[in-house]
Amino acid sequence: MAKGDPGGTTRSRRAAPRSRKGAAGDPALVQLLTPEGERIDSATGPDGTEYRVDFTDEEYRGLYRDLVLVRKLDAEATALQRQGELGLWASLLGQEAAQVGSGRALRTQDMAFPTYREHGVLYCRGIDPIMPLGLFRGVDQGGWDPNEFKFNMYTIVIGAQTLHATGYAMGITIDGKTGTDDGEAAIAYFGDGATSQGDVNEAFVWASVFNAPLVFFCQNNQYAISEPLERQTRVPLYQRAAGFGFPGVRVDGNDVLATYAVTRTALDNARLGQGPSLIEAYTYRMGAHTTSDDPTRYRIASEVEAWQAKDPIARVKAFLEKQKIADAGFFAEVDEQARRESVHLRERVLEMPNPEPVTMFDNVYPNGSPLLDEQRAKFSRYMESFEGSVH
Amino acid sequence: MSRIKTFNLPDLGEGLTEGEILAWLVKVGDIIELNQPIVEVETAKAAVEIPAKWAGQVQAIHHPEGTTVEVGTPIIAIDTDPGAGPLDAPSTTATPSGDLPTPSAASLAAVEVAPAEGMVEPGLIGGAAPGGRTAVLVGYGPRTTAAKRRPRKGAVPAQAATAPAAAPAGVDHGVVVGDKPAATSTIPAPQVHDRRGEASGRATGGVLAKPPVRKLAKDLGVDLGTLTGSGPLGSITREDVQQAASGASVVVAEPIAVTSAPSFGTDREQRIPVKGVRKLTAENMSRSAFTAPHVTEFLTVDVTRAMKALDRLRGRREWRDVRVSPLLLVAKAVLLAVQRHPMVNSTWAGDEIVVKEYVNLGIAAATERGLIVPNVKDAGRLSLRELADALTDLVQTAKSGRTSPAAMSGGTLTITNVGVFGVDTGTPILPPGESAILAFGAVREMPWVHKGKVKVRQVTTLGLSFDHRIIDGELGSKFLRDVGDFLTDPEAALLAWT
């Protein structure tokens, strides 16, 4: 920073640790369920918006079930990688509430653009949880139909999906599908590290000036692989939105109720033609970045322990117990369902067939191509030249 | 399936080749559950616990703590059904490949044997890249055993084994038997595409046409949906669009040239896209015509004496190889007149007038590409001989279509030689940025009053357009008069002016 700006450097340096600590007792943090399981009736966002949820007991139990299942299936996938059955896995451990809360806030017609970690959102969209495992096992390209489930393919390139989402959202406007209660909206998922990418900032600009019906959903899990948040930003991420001209809000990403409320409101504003907004879901990645990463090399155990106390599932369980919404029988039944589904998932993964090499020619063009047909024919002849070929 | 399962060390982190066993969390005889942590392994990337892949009883641990193990080698054996009684002998020696079907001896004989260690091509999966690094993205790391590829159909074992050059035939030519290509009857004939037929089946997403063709169609007002494409896959080509635009029912093989007779279709109109030189000319002319207030004056002069002077010039030895045209004299006349009236060679620049000490003399030239106006740089400094050479060069370059953009920019004053088309004169439009342009008409034999009598003389008409913002009628008239005087009697003018 230039010498002529004496205050700037020190001010921003001091600001950074404050924003890190901001998780607890941060007035800007929207929270409806404390880590101890205490329900807060309503919370006010930085722009005065009041957030509240009104769930039935059944719905509360449903959210708990989602959280437990998503965590269990994710743990099974991690184990499968360790056992050599997947090439790689990006665990969502610790981010279940951010994903289930926002995923359940989506309406059927809304379109989601995930990163490679949105297994929880994928689950909420009704997609078979085995789908991403095929991708990471290397036997298919992901498998689900993005148009059928309104859930785009996993995007590995950091932040690229925010531009795809912006374009899609601009298309919604062009199609005239905003402005009513049953209008459409899109949501783009990304992480704190992605906010440093040009793509994400370009998406902010385009979505803003074209008033795109889009929710930027940033799961701030505090680390871009090994780089901590203070290497990404000197201001709380949600405040960046102001510079681009749309509202930003920070929500407790470990609070499934608040995440739901904030996302629902942002999506509804978007579908009504109110333009984009940024949600910073303040959370923590309890596991490694991916199975190729060792987080103990760059973060200390006490930090992990502090976040352990804010676990997204434990607080819902505490709430359900205190409010007598669920009993021990329910919790046991959910655990058993999770165990059963994870075993089922494992069995199916191990049986996933290796794809025929010739299928690499599929899905290149929607209507085929003569050049590709030629290559396919040639390749098929080559494969047929081997003994025992079934072609 | 054997009840004894052997677990091989997997690649724990995208391309690792080995791991060190830090600690065993189970021992032989332990009953373990699925996903129970069994061993802690440190790789180049991370120290991780590996969960058990099967429930059962630990049968054997193959490597002690502290050893470094290559990816893909067995580290633990688990009895998945310990309650089923004692194991029979063969099972205890089960190897990781025990589950694989045993290849028949015949097929093994024809197997393409993997090259020996160190002979694998660098960069191939399983092969060592330069520097010893192994290129593996995911999976079990580099292959440590010989490849067992399925044999090729109809391959002759002995030949295949002894003639490795024939075996690794590429994808291109497929089957190789000995040194002869396999009977072609087993290979489907190369597919001949019925392009149009295929297109109709394929083109569900609309009309096929490249973006420039779509643009052309849009510019010409042609609806692509009404056309039948003649290109690959039934795509619509530029020619299809042009044909449709002209309404022609026959194929126009050549692109429509400006000079060729247009072929008119049933609607008796031809549409020519405005582009290139035509577009530029139109823009320049419109801009000039509607920004610079033009005045045009005419002067008819007797150039008989000048034509004779040209003949004398041609007769001189040192001018023998030089192309000497009336244009040369007109150019010289203009350059000399500019010296006497510098304001004519100027530019209107809004709040000031830029008068130039140099003359970049533009010559309007009709070429196949259309009208272009290259200029002779600093023509005022050239001798007559140099000017003649420069004009010849300029005209030839323009006719061959090789005129550079630089040669067409920076003109300060222009001559347009409309006489070559057999007309007398015109009211030329100023090139943008210039203040005067002289039209030089045809030189004709005409009855002319010469020394008090009507005689047949060679006569031409000059037309001068000028920018009235800079040049008043008086200045314009004097300039035109001087040009005319020079052409009437060049020698006398030269003597008088220089």
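Modeller: Two strands count as paired when DSSP finds at least two bridges between them. The model we will discuss is predicted.

Biologist: How do you know that strand β2 and strand β4 of chain B pair?

Modeller: β2 (residues 18–24) and β4 (residues 37–42) of chain B are joined by four bridges in the antiparallel sense. The cut-off is at least two bridges, so they count as a pair. Within this part of the chain, Ala23(B) stands opposite Glu40(B) of β4(B).

Biologist: Which sheet do β2 and β4 of chain B belong to?

Modeller: They sit in an open sheet of four strands in chain B, with the order β5-β4-β2-β7 and antiparallel pairing. In general, strands of a sheet pair through backbone hydrogen bonds.

Biologist: What makes β5 and β7 of chain B edge strands?

Modeller: β5 (47–51) and β7 (68–70) of chain B each pair on one side only. Neighbouring strands of this sheet are turned by 40° against each other on average, with direction ignored.

Biologist: On to the helices. At what angle do the axes of α5 and α6 of chain B cross?

Modeller: The axes of α5 (residues 211–220) and α6 (residues 238–246) of chain B cross at roughly 10° and come within 9 Å. Angles under 35 degrees count as roughly parallel, and therefore α5(B) is roughly parallel to α6(B).

Biologist: Which residues make that contact?

Modeller: From α5(B) come Val213(B), Leu216(B), Ala217(B) and Leu220(B), and from α6(B) come Arg238(B), Val241(B) and Ala245(B). Six of these residues are nonpolar, none is polar and one is charged.

Biologist: Why is Gly484(B) called buried?

Modeller: Gly484(B) has 21 other C-beta atoms within 10 Å. Gly484(B) lies in helix α12 of chain B. Leaving aside neighbours within four places in sequence, Gly484(B) is in contact with Leu299(B), Val301(B) and Leu462(B). Leu462(B) is 22 residues away in sequence, yet 7.7 Å away in space, C-alpha to C-alpha.

Biologist: What covers the buried residues of α12(B)?

Modeller: The cover includes β11 (294–302), α8 (304–315), α9 (326–340), β18 (436–440), β20 (453–467) and α13 (490–497) of chain B. Among the buried residues of α12(B) are Phe479(B), Leu480(B), Val483(B) and Leu487(B). The helix itself has 16 residues and reaches 22 Å from its first C-alpha to its last, close to the 22 Å expected.

Biologist: What value does phi of Asp378(B) have?

Modeller: Phi of Asp378(B) is near 50°, a positive value in a residue other than glycine. Most residues other than glycine have a negative phi. In chain A, phi of Lys150(A) is positive too, near 55°. Lys150(A) is in the loop between α6 (146–149) and α7 (160–174) of chain A. With 19 C-beta neighbours inside 10 Å, Lys150(A) counts as partly exposed, because buried needs 20 or more.

Note on methods:
Residues numbered from 1 in each chain as written. Chains lettered and ligands numbered in written order. Predicted model: local features only at pLDDT ≥ 70, side-chain atom pairs only at ≥ 80, totals over all residues. Axes fitted to C-alpha atoms, helices over the stretch in contact; angles between N-to-C directions. Parallel < 35°, antiparallel > 145°, perpendicular 65-115°, else oblique. Contact = placed C-beta atoms within 7 Å. Nonpolar A, V, L, I, M, F, W, Y, C, P; charged D, E, K, R; others polar. Expected span 1.5 Å × (residues − 1). Buried ≥ 20, exposed ≤ 12 C-beta atoms within 10 Å, placed from the backbone.
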